[in-house]
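Dear colleague,

I am handing over the structure we spoke about, and my notes on it follow below. Please read them with the model open beside you.

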Amino acid sequence: MSPAVALDTRAWKSFSSAGLLLGTLFAAFSLTPSLLPRSALMQGLVAGLSLAAGYAIGVIGGALWRYLELPLPRPRAARIVRAVAGVACLAVAVIFLLQAPEWQDSIRVQMDMPPVESTRPLTVGFIALLVFIVLLVAARLFRFTYRWIAQRLRRFVPRRVSNVVAIAVAAMLFWSAMEGLLFRYLMNAADQSFQQLDALMEPEAEQPRNPLKTGSTQSLLTWNDLGRAGREYIASGPSAADLEAFFGEATPEPIRVYVGLNSAETVAARVRLALNEMRRVGAFERSALILITPTGTGWVDPGAINTVEYLHRGDIASVAVQYSYLASAISLLVEPENGAKTAEALFAAVYGHWSELPHDSRPRLYLHGLSLGALNSDRSFHIYDIVGDPFHGALWSGPPFRSETWRAATQQRAPGSPAWLPRFRDSRVIRFTNQENRLEMPGVPWGPLRIAFLQYATDPVTFFEPSLLWRRPEWLQPPRGPDVTPALRWIPVVTMLQVLADTRAGSITPQGHGHNYAPDDYIDAWLALTEPPGWTDAEILRLKALFAP
């Protein structure tokens with residue numbers, strides 16, 4: 001036998017048959033549909049991770065089998081098993097890859113999206129194999145490291161002790177390398193990238209001339225220090241002219257206050273600037289006031305705020321304070337407390353001033369947050385501090401699964417109500433809604449404090465949870481959400497990886513699905529929550545047509 005053939009034989013024998021079989025099944029199942037359609041790149045990544053996870057479970061299972069000294073097949077039988085396993089893996093991979101586009105289209109048809117491209121199976125297969133190889137090389141490098149350490153320790157300690165110590169030392173070395181080098185490098189690169197993006201000056205975001213605008217020459221805040229998201233927020237939205245054109249009569253221009261991360265050094269200083277700017281522009285003199293907690297990058301969803309400004313005919317003010325310029329997932333990972341601290345400080349300052357105003361002349365006070373903003377907005381107050389003089393309500397859209405109020409209401413929902421649209425107690429405080437307006441409940445009045453959750457059954461940010469690894473989620477129990485494909489099945493390990501990948505798929509999802517919330521649904525939610533006067537069904541339809549994509 002030539003050296004090349006011998007090397008190929010040894011390489012093939014080094015693979016675990018059980019690991020390859022289980023890994024291939026996991027990778028194949030990962031091609032089945034989940035909550036959202038995935039790009040070929042993301043699907044390949046999920047398949048590669050699933051292949052590696054299944055292979056690892058198979059390898060660990062085989063090691064446990066040998067450790068227990070259970071019977072093993074004879075060498076000839078082992079070769080036959082290995083050959084059969086190889087053929088079976090190839091057949092399963094080809095069959096599932098060819099079926100994958102149809103599965104993805106089963107989601108896309110629910111969301112009125114075009115079918116996937118014809119070259120997708122080859123792309124997905126190549127990316128999955130590449131991801132698996134990279135992870136396999138890393139795993140074998142770890143195995144080589146701990147064996148090398150164990151061999152040297154055996155001169156001084158027993159074999160089993162040397163193995164345990166070697167694994168611990170190798171794990172520490174690899175973790176230090178990942179955290180100290182790779183993770184830190186990636187975080188620094190992300191930090192610099194998002195910081196540069198935050199400082200980017202868009203040509204359409206000109207410094208406002210209106211003295212009542214944040215960032216104007218008369219403002220307490222410098223235009224450049226607002227950051228990209230802040231400048232976009234202040235420069236956009238309906239003007240008095242836009243509102244007058246829609247309503248056919250003169251209306252005030254909505255007040256928007258935004259404090260950027262660079263506007264002051266500390267959270268307390270930024271909150272003081274926000275409160276002083278609100279006083280300067282007369283935010284507390286409007287009929288409604290919204291405390292917005294932005295996403296990680298400081299972004300405020302225009303569909304949420306533009307719509308409520310129309311609904312209140314411009315007689316409304318809003319305020320937001322930036323706590324990060326990193327994407328929400330990164331911000332939650334590296335600075336998890338910044339958002340909650342900022343939201344809590346802003347609420348305490350604004351609520352403290354608002355609660356001292358005369359009841360008959362102060363604005364109605366509401367909270368709002370999307371995604372990570374919803375999570376931090378939920379953490380911004382304590383019920384015992386406001387129960388004597390509650391604010392009027394909160395609209396939280398796409399709340400992450402860690403949101404405490406959302407979790408409590410979902411877990412304690414009324415029997416018969418689905419997890420993707422719960423009904424909490426008598427619905428006098430907390431209500432849930434989605435693409436169909438579920439907030440209007442004839443004969444069930446809301447109390448003085450109203451909390452509304454706007455969520456879609458296909459939003460992975462809301463419905464991802466670590467327990468997907470080993471447990472079927474309750475949101476898959478029938479009846480399913482209106483845009484959840486019937487082809488979705490729960491598979492241990494795989495479904496968790498799929499839904500985790502779905503959290504990064506929002507950019508390809510049309511409005512009204514996933515984590516992309518539509519103005520139509522915001523209009524219905526704000527109507528029920530704030531009850532602005534003077535609206536007829538015909539006018540609501542006209543407003544929805546204005547915001548139609």
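Strand S2 (residues 288-293) pairs with strand S4 (residues 364-370) in the parallel sense, over six bridges; strands here are DSSP E runs of at least two residues and helices are H or I runs of at least four, both numbered from the N terminus, and two strands pair if DSSP finds at least two bridges between them. In this pairing Ile290 stands opposite Tyr366 in S4. Helix H12 (residues 338-355) packs on the sheet and touches S2, S3 and S4, with its direction at about 165° to that of S2; contact means heavy atoms within 4.5 Å, and angles, from 0 to 180 degrees, are taken between the N-to-C directions of axes fitted to C-alpha atoms, for helices over the stretch in contact.

This is a predicted model, in which local features need pLDDT of at least 70 and side-chain atom pairs count only at pLDDT 80 or more, while totals for chains, interfaces and linings use all residues. Residues are numbered from 1 along each chain as its sequence is written, and side-chain values use heavy atoms, without hydrogens and water.

The sheet is open, with seven strands in the order S1-S3-S2-S4-S5-S7-S6 and parallel pairing. Strand S1 (255-259) and strand S6 (430-433) stand at the edges with a single partner strand each, so one side of each is left without a neighbour in the sheet. From one strand to the next, the twist averages 15°. Helix H7 (residues 227-235) lies across S1, S2 and strand S3 (316-321), and runs at about 170° to S1.

Leaving aside neighbours within four places in sequence, the residues in contact with Leu289 include Met278, Phe284, Val350 and Tyr366.
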